[in-house]
Amino acid sequence: MNRGLFITFEGADGCGKSTQLNLLAEYLTKKGFEVVVTREPGAKGLGEKIREILLNYDGPVSDRCESFLFLADRAQHIDMIVNPAVKAGKIVLCDRHTDSTVAYQGYGRQLPLDRIKMLNEIAVNGRHPDLTFVFDIDVETSMKRVGDDKDRMESAGKEFHNRVRYGYLEIAKQEPKRVKVLDATKTIDEISKLVIDLFEQNFGI
Ligand code: TYD
């Protein structure tokens with residue numbers, strides 16, 4: 001396989017997606033693929049500055065401002081990191097992307113979904129994930145995993161996080177071919193095997 005791929009990992013805080021992303025990266029690297037591991041918000045460069053504001057600014061932040069900061073980070077990330085890597089034939093594994101904005105700002109903050117989707121389109125400028133994993137977990141378990149040291153988003157409350165979870169499941173219902181939901185309460189090994197199987201089924205490798 002020599003075409004590039006863009007794969008995204010999504011789900012609630014504490015769902016284990018970063019662990020799974022790293023396990024898939026390891027597996028694919030061993031198989032000889034060139035893999036790029038990245039994230040939103042906060043890939044290297046300017047993204048790190050935007051991430052700092054988004055997660056740690058302790059004054060009031062309007063919901064629309066929050067959305068635009070995530071979207072600004074995304075536009076920079078797509079142009080500077082994702083597109084060059086995919087065009088060079090690499091496999092890009094990205095921790096969070098457009099579905100996070102639909103789930104957190106759309107369903108969670110209850111901003112109009114059609115507008116959030118339109119703004120996402122402007123930010124990605126035609127680049128869409130080839131495959132997305134959503135790691136589904138109930139809010140109690142995810143908050144227990146996050147613990148007491150919560151960032152600004154993680155502190156948003158149980159109702160908010162319930163809406164985020166519902167949002168992800170709705171996204172998966174609407175786009176079943178791209179978005180695969182996995183039960184994040186299974187063991188790390190069980191989930192990793194499912195991720196690898198789904199990856200191989202989708203791309204025939
Ligand atoms: P991060 O520490 O990366 O969380 P995790 O390790 O769980 O991925 O923090 C990112 C936070 O930002 C997370 O709470 C989800 C939130 N977020 C949004 O609200 N909208 C977005 O578009 C993105 C990309 C993230």
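**Reading the cores, the ligand site and the fold**

Biologist: Of the 24 residues in the largest nonpolar core, I7, L24, F133 and F135 touch the most other members. What makes this set a nonpolar core?

Modeller: A nonpolar core is a set of buried Ala, Val, Leu, Ile, Met, Phe, Trp, Tyr and Cys residues joined through side-chain atoms within 4.5 Å. Buried is under 20% relative accessible area, exposed is over 50%, and partly exposed is in between, with a 1.4 Å probe and protein chains only. The 24 residues form such a set. In soluble globular proteins, nonpolar side chains tend to be buried together.

Biologist: Which elements supply at least two residues of this core?

Modeller: They are strand 1, helix 1 (17–30), strand 3 (91–95), strand 4 (131–136) and helix 8 (188–203). Helix 8 gives the most, with 6 residues. A second, separate core has 18 residues, including I50, L55, I116 and I171.

Biologist: What kind of model is this?

Modeller: It is a predicted model, in which local features need pLDDT of at least 70 and side-chain atom pairs count only at pLDDT 80 or more, while totals for chains, interfaces and linings use all residues. Residues are numbered from 1 along each chain as its sequence is written, and side-chain values use heavy atoms, with hydrogens and water left out.

Biologist: How do you know what F133 touches?

Modeller: Contact means heavy atoms within 4.5 Å. Not counting residues up to four places away in sequence, F133 meets that with I7, T8, F9, E10, L24, K180, L182, V195, L198 and F199.

Biologist: Why is F70 counted as buried?

Modeller: F70 has 11% relative accessibility, and that is under 20%, so F70 counts as buried. F70 is found in helix 3 (residues 63–87). Not counting residues up to four places away in sequence, F70 touches P41, L54, Q105 and M153. The C-alpha atoms of F70 and G42, which are 28 residues apart along the chain, are separated by 9.3 Å.

Biologist: What joins E40 and P41?

Modeller: A cis peptide bond, with omega about -10 degrees. P41 is in the loop between strand 2 (35–39) and helix 2 (46–56).

Biologist: Which residues come nearest to the ligand?

Modeller: A residue is near a molecule if one of its heavy atoms lies within 4 Å of it. Of the 15 residues around the ligand, D13, K17, R96, T101 and Q105 come nearest.

Biologist: Why is Q110 called exposed?

Modeller: Q110 has a relative accessible area of 54%, which is over 50%, so the label is exposed. Q110 is in the loop between helix 4 (98–108) and helix 5 (113–124). Its phi is near 65 degrees, a positive value in a residue other than glycine.

Biologist: Why does N125 count as exposed?

Modeller: N125 is at 63% relative accessibility, and this is over 50%, so N125 counts as exposed. N125 is in the loop between helix 5 and strand 4. Phi of N125 is near 50 degrees, again a positive value in a residue other than glycine.

Biologist: How do you know that the chain agrees with a compact globule?

Modeller: The radius of gyration is taken over C-alpha atoms, and the globule rule is 2.2 Å times the number of residues to the power 0.38. With 205 residues a compact globule would have a value near 17 Å; the chain has 16 Å, which agrees.

Biologist: How many helices and strands does the chain have?

Modeller: The chain has 8 helices and 5 strands; helices (H or I, at least four residues) and strands (E, at least two) are DSSP runs, numbered from the N terminus.
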